[in-house]
Each structure stands twice: as structure tokens, then as C-alpha cells.
Amino acid sequence: MIAPASFEKLADRLRTIVGPRGVLTHPAELLTYAADGLPTYRRRPPLAVFPASRAELVRVVQALHAEGRGFVPRGAGTGLSGGALADPDTVLIGLNRLDRILAIDAEDRLALVEPGVVNARLTKAVLPFGLHYAPDPSSQTACTIGGNVAENAGGPHCLKYGVTLNHVAAATIVLPNGELVSLGSTDGDTDDYDLLGAFVGSEGCFGIAADVTVRLTRNPEAVHTLLADFMAVEDAARAVSDIIASGIVPAALEMMDNGTIRAVEASIYAAGYPIDAAAVLLAEVDGLSAGLDEDVETISAICTARGARDVLVAGDAAARARLWQGRKKAFGAMGRVAPELVVQDAVVPRTRLPDILASVAEIAGRHQVQVCNVFHAGDGNLHPNIPYDGRDTEVVKRVHLAMREIMEACLEAGGSVTGEHGIGVDKLDYMPLAFSPESLAAMCALRGVFDPLQRANPSKVVPVRSCREWRAAPSARESIGGGGWR
Amino acid sequence: MAVAAVATQATAVRDQIAEARGRGETVRLAGRREWLDAGHPVSAARTIDLSGHTGIVEYVPGDFTLTARAGTPLGEIARATAAENQWLALDPFGSDRGSLGATVATASAGPLAHAFGTPRDQVLGIEVVTGTGDVIRAGGRVVKNVAGFDLTRLFTGSWGTLGAITEISVRLRARPAADAHLAVALPDERPAAIAMLCREAAIMRADPYALELVDARFAVRLGLPAATTLLVRLGGNATAVAAQRAAVASLGRLTELPEGVWDVMRTAEPPGSSVVRITSRPSALPSQWTAMVDAMAALPDVLVHGSVGRGTVRAIVPDAPPAALAGAVQRLARHARGFSAERLPPLVWAIADATWAERPMSGEKADSVRVRNELLRRVKDAYDPLHLLNPGIMGEAIA
């Protein structure tokens, strides 16, 4: 660990670029940046720098490159995987001051934004054009477009509209050595390797987006939201499978179990969910108004056939907003249950939902932890959340054990250890369970293309040892092109 | 082509690549050869034939995902999924005889890309034998997944220059309960009329699966009157399709078409033809369209079509004197926005490339292009360090 004193000279240099207010070095000020919503990891950065323009951002990265210093880019710090935390010897680059919407092209449905623009603010800005930005993470009132791009963020409405990757047309990247490069195009598909596709979801390891051109989506003519409540979790899960199989693509299809329902209803976000239900399904269909009523009827009928006690269709926008409030604020509501909350993220094939929910309940029972499930059921993206008291080390240990078993069960079912939160530091240990050494090494090689010196968000996403193995691989030594690591 | 062994397992492909590496021999990766050498000739010491590497490995209809070996023909996937009232919403030009692997390796898509995107949006995971001889897996079989760096996106559309894709998982969709296939003929050919139609189509109360403009010659090929025509594909429940049909009718006089019209359209592109593509923002499509039609006017049998929502205009040139083709392509490369010589004879390609390169560029843009080319080169070096796979297929930058 490097003593904070060694950062004083660097801080001075950075102050000449971003001004005195753009650099934080006081431990108390830096505490804000020590977490990203996941209570299991806290790391206070030694220094945080906040460029306010693209030119400043480039100069900051160039300065860090010249000093041989690693850095961690950070948006709003809502990533939930520990990805935005800086180790004691790396600098945190906060992108919140780069928050301008640079251009809106309503005709071609594109917006050019700086990385610090808050997700919901973009949607609000394009509302007058009858447009919105489709990816809608639960944190959308706080999280930034740059962070969304880094994490390839999802959200409830990604079931129909796709994840961040499907909504990014182009980006200007500051590479870890300070060079600028434009990837992607607003002029249609490119014929080269999909470097933009590789960049999206690279968790800050490939550089920093200085600007992003996102696609906007036409607002639906009509929206209908339904709430179905079930006396058995399994019934709700089977209803999800049936709805998907019917061919209807709901805009969103969310599930909450009893633990979540109770937490929500006890909080200021109470949405009127029946507290005795084992699970509720929140389904939304949207689009052109013609034909939408049929979809509502079909979904209602499926839920009823699967044993739903009641299916409620929201009568107006206010009623819809209330139903959604409970879902979007469920994580906040769980704050009432215990001091700490692990919001987890994993994926299973949709037909495996009933099995996996049974497994999760069994694992929770065995480790004596409470799991509240609130998740994107329509695409099999689970969020098993554990509220717990972090002061009790015995409890913390059990939480970790339960989480690991849940991840293993999801992989066993043919799923993935993350659907939208990323690997960060939290899931590094699971990567070797999900991918072979060769596959991990191939990922390291891609990192090496963008960041040969591994200065951008070092030691995240892929375990460092995998990269060492790849470096030593015979194929790398033989490389006549000098390899990808210069 | 000294050796053309049929590979049926990833390990067999790995062994063949290892052997080629040992001898320093270049390798041509071949699927079902439906599109092989279509303007992208590759001369290599040996060919690895993936056409025997067929079959659906896993298909769980309830998951709406399917995993198949790379050599599996698109037609086989279409038949298997149709039995479950599902489909892989990819309709690349050519035919259903082509393989899933080639479609993914070339990121080829057709009119359905309007609603469903390209292979880059539909591939969930892949197994690849890289040029380093490693068998790797990227992505997975679930519809949402952000575990690790996205090698799936990188390898999709890499034209076999980084590795041989041996297995692919894709996302499927439910077949719509109802559909409609419509043609709207343009009253006249003036650019203003085309611009007006495109604008109205973009804002009409419909969410089409496909929105494709065809020129008069293409319309005749599809059995329609000789006029620039907008083809519209609709899908959904019966009420939704009926309402959208009414919206399309506001654009002009409708002609009902059979569903098969899309297959006729795809197969109108003969395997050996040259293809020129220009791309732009959708709002610039009308002027791009006019530029393409004008540039191609003198060539025989050219078919022009454009994806209204994606800003793409393609000209299919089955057979043209190279000098005339070069002239047309040069004009386009000089004036069109995005330009791509999708499939061209090498000489014509070189002329187009040189013309494109002559276009003025700001210093900042030139720097960016230099850095980007360096990244592309490093990608190649990382996965095929000996530069053995499909040499030259992606042009000079990635030799």
C-alpha cells in the first residue's frame, strides 16, 4: 500500500488540469466513493479527480499514464458489483461533471451525451419529441449513461427493448494511454471487428467513454400494467414460462416474492401488493394501442389458469406508477429489514425458474439467511437479495456461503453469474466456475488490446492469475506480430 | 487448396489449426460454400471444411434459445423451430442453404433486421477455435448475460479471421399469430416522392418487422409492376396487424403479397454477384437511394434495395464489366456517406478503397482512424498471431 503522501504531487498536477475543486484528497470527502451499493466491499480511494470537460478528461488520463498510475472510472456508483471501487494505489476518476446532453437528433432518434448524464434525465430531455431512452435500471434516477455503457446495464423493460448494448450506436473512447478513438457509427453497421460491442460492458477496463451516441425509442402509444398475485411461488414462475411461450413479448415481466412484498408494503413505497401472497407478477405490455387489449386478456387468462388469486389491471397512469414504485424501490424498502443488503444478480434459462427458486429457498433455509427475490422473471434474470446485519461476522460468513451456492446452482442450471450488474470484484471468484482457463485467457487478451499495461480498473472482471497464464501461453510467445500486449 | 478435411468436432478443428500452425500454412475456413469467394477471394494453403459440423445441439422451446453446430444450414433451424411455432428472425441475402456459422461469421442480416437486428443482436454465445489453437467459449445460452468481456460480439462478424466458430447459441422468437406482407408502389420516381414516403413510413402507426424499398427492376423480379416500391412486413395478433395494415394503407395503394416474397427477394442475389452497400442515418436514406440508383443506372441487371429504418442501401450486381462497375463504385465512394464494398472483385475493391481514402478528413478524425486501425490489428494479433486464418478477407487493414 502506498502512503497517501505519494499522491500529493499527483494531486497538485491534476489540480492544474481540473482546478482545485476538481480533486479530492481528504479521507472524509473520499468516503462517499468507498462503496458502490454493495455493502460487502468498501475501499476508500486515495484520490479522486473530477474532470469537467472532454479536454480535461483526456489530460487527466494522459497525466496518469505518464505517472504509470492505474485508475478506476466511476459514474454514480450504483453498480452493485464493487467494480467502481479504487484500490489504495489507484486513482478514482469521477465522471459526474461531464453531464451535458450534447445533441438530440429526433428524426433519426439519436442522442449524443457525455458519460455523466443521468439515465432518467436523458429520457426526460427527449420526452418533448415523443421519445425515451429504453434501458431503465432500477437506479435510473441516479445512474449515468457512462456507467450503463460500462456495465451493459439492463432493467425491467429490457425484456422487450434489449439491453444497453442494443441502444449504443457510437462512442468516443479515451484509451488508458490517453489516446482518443471513435468506435461504432451513426451511419449504419461497420464491417470491421465490433470494437464498440466489445467496449460496451467492459466494466471500465478498456478505457473511458468521453461521449456516447445512444439510440432513442419511440414512446408507446399505449401501456397496460397488470398485477397478478399467487399463493405459491412455483405457480407464478410457471405463469412466467407460459406468458413467454404464448408469443407475447411483454415490455416487462417482473416477479416479487413474499419477503419483498412485505418489505415494500411496510415502507413508504407501499404499492398495494397483497401481503399474504407468496409472489406477485408485475406484467406490462406496451406499443400501438390496437391489439394490446387482447394481450392483456391473454396474460390475465394465463395467470388465472396458473392459480392467480387475483389479476388487477391498473386503470390509469397514477395506478401504473404506484404498482411500479413498489418494484423500482424494492431495494430501498429492504433497508427496513436489516442494516445491510446484498443485491445479487444471476441468470437461468427461463424454463428453470421454478427449480431455481426452490433451490434458492432451500439454500437460504440451510444457511439461516433471509432471501428476498425481486427480479426480471421474463428473461430469467434473478435478483436474490439478502438483508443482514454486517456487524455479526458469523452472519456475514453465512451470507457469503449462501450467495456462492446460489451462483453455483444458477450455473448448474445452465445460467450465468450476472445478467446486468457485472463481475466487478464481487464475482471474480465465480469466473473460473463459468469459463475455462482458455476462455478467461482469451478475455484477458481482449483487455490487452485496449489496455496493454492494465491500468484501467485493474484486477477487476477477470482474475489476474488467468491473465498471467495467458501471457505464458506458448501461442503468445510464438506470436510473430509481437502479440497483443505492447 | 492442398487439404480439405471435414471437421466434425471442435477438437478436430483445433487439431487442424494446430497442424497448420506447425507448418506455417494459411487456412481458408469454409462452411457450406454458399457464399464462398463471393468477392472475397482468399488464397490459402489449406481449407478447413466446417460443413460436416452440423446438427442442433440443444433446443428448449420454452427458453426461446437454440444451440447448433456452425455448419447447420439455416433451413434446418427454420424447420426445427417452425415445428414449435418459433423462428430465428434472421433472413440474410442468399438462401437458407447457407450455414448458421457463415451467417454469424459474416454478421449477415436481411430485411428482418429492421425489427430484430443483426446476428450481433441475436447471438447469445459461441464456441470458437482461435487461431492460437485454443477452444474457447464466450457468452452462454441465456438471453441476458454480462459475465466477462464480450468475445461473442467480437467474433460475430469477424469473417473467420480470428478463429473458427464451431457452435452457436441464438435467441429465438415466437411466430406471430397473424402477419401481412404488403407492397406500396410509389406514384413517381422523383427523389422528393421517395423522401416523403420514407418519412411517412418512419412515423406511421405501425411497428413493422421489415420496411424495405426496392427499385423498379427488383419489383418486377418480385412479380410486381415496374415501379419503386416499399415492401412492408407486419406481425402480431390479428387486431394489431389489421390496425397496422390500415396505417400502411395511408402511404398509398396496397398490394397483398404472399409470405414467400421475402424468400424470392433473398434468393434474387446470386452467389457470385458483386454487392455494394452504402449506409447512413435513416434520414439521409432518400438521397443515398438516389445516389445509388443513379450510379448503377448504366449497369445491366442491377437490383437495388434499401432498409428504410436502418439507412442501408445495397446494389446487387450479378454481372457487369469491371470497368463500368469500377466507375459506378468510384462515384459512390466519392459521394455516399458510409460506404462498404460488401462483395466486389478485388480490383474494383481496391479502386473503391483508394477513392474512399482520398476523402478529406479532419486531423482529429485521422488520429482516431489511426488508433482504431491499431486496435483492429492488435485484435488480429491476439487471436491469430501468425495471421493464418482467412488472409485478406477483411481487406488490407486486417491482412
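**Terms set against values**

Author: The contact between the chains takes 70 residues from chain B and 77 residues from chain A; two residues are in contact if their C-beta atoms, placed from the backbone, lie within 7 Å. This is a predicted model, in which local features need pLDDT of at least 70, side-chain atom pairs count only at pLDDT 80 or more, and totals for chains, interfaces and linings use all residues. Residues are numbered from 1 along each chain as its sequence is written, while chains are lettered from A and ligands numbered from 1 in the order in which they are written.

Reader: Which element gives the largest share of the side of chain B that touches chain A?

Author: H14(B) does, with 11 residues. Helices (H or I, at least four residues) and strands (E, at least two) are DSSP runs, numbered from the N terminus. Other elements that give two or more residues include helix H9 (238–249) and strand S18 (338–343) of chain B.

Reader: What classes of residue make up the side of chain B that touches chain A?

Author: There are 26 nonpolar, 26 polar and 18 charged residues. Ala, Val, Leu, Ile, Met, Phe, Trp, Tyr, Cys and Pro count as nonpolar, Asp, Glu, Lys and Arg as charged, and the others, Gly among them, as polar.

Reader: How confident is the predictor in chain B?

Author: Chain B averages a pLDDT of 91, and 95% of the residues score at least 70; pLDDT is the predictor's confidence in each residue, from 0 to 100. The model scores ipTM 0.95 and pTM 0.95.

Reader: Why is B:Phe64 called buried?

Author: A residue is buried if 20 or more other C-beta atoms lie within 10 Å of its own, exposed if 12 or fewer, and partly exposed in between, with C-beta atoms placed from the backbone. B:Phe64 has 24 such neighbours, so B:Phe64 counts as buried. B:Phe64 sits in the loop between strand S4 (56–60) and strand S5 (65–69) of chain B.

Reader: Why is B:His387 called partly exposed?

Author: B:His387 has 17 C-beta neighbours inside 10 Å and therefore counts as partly exposed. B:His387 lies in the segment after H14 of chain B.

Reader: What is the phi of B:His387?

Author: B:His387 has a positive phi of about 55 degrees although it is not a glycine. B:Phe64, also not a glycine, has a positive phi of about 55 degrees. Most residues other than glycine have a negative phi.

Reader: What makes chain A as compact as a globular protein of its length?

Author: The radius of gyration is taken over C-alpha atoms, and the globule rule is 2.2 Å times the number of residues to the power 0.38. For 486 residues the rule gives 23 Å, and chain A has a radius of gyration of 23 Å, so chain A is as compact as a globular protein of that length. Chain A has 18 helices and 20 strands, and 56% of its 486 residues count as buried.

Reader: Why does A:Arg44 count as partly exposed?

Author: A:Arg44 counts as partly exposed because it has 17 C-beta neighbours inside 10 Å. A:Arg44 lies in the loop between helix H2 (27–30) and strand S2 (48–49) of chain A. Leaving aside neighbours within four places in sequence, A:Arg44 is in contact with A:Pro27, A:Leu30, A:Leu31 and A:Ala34.
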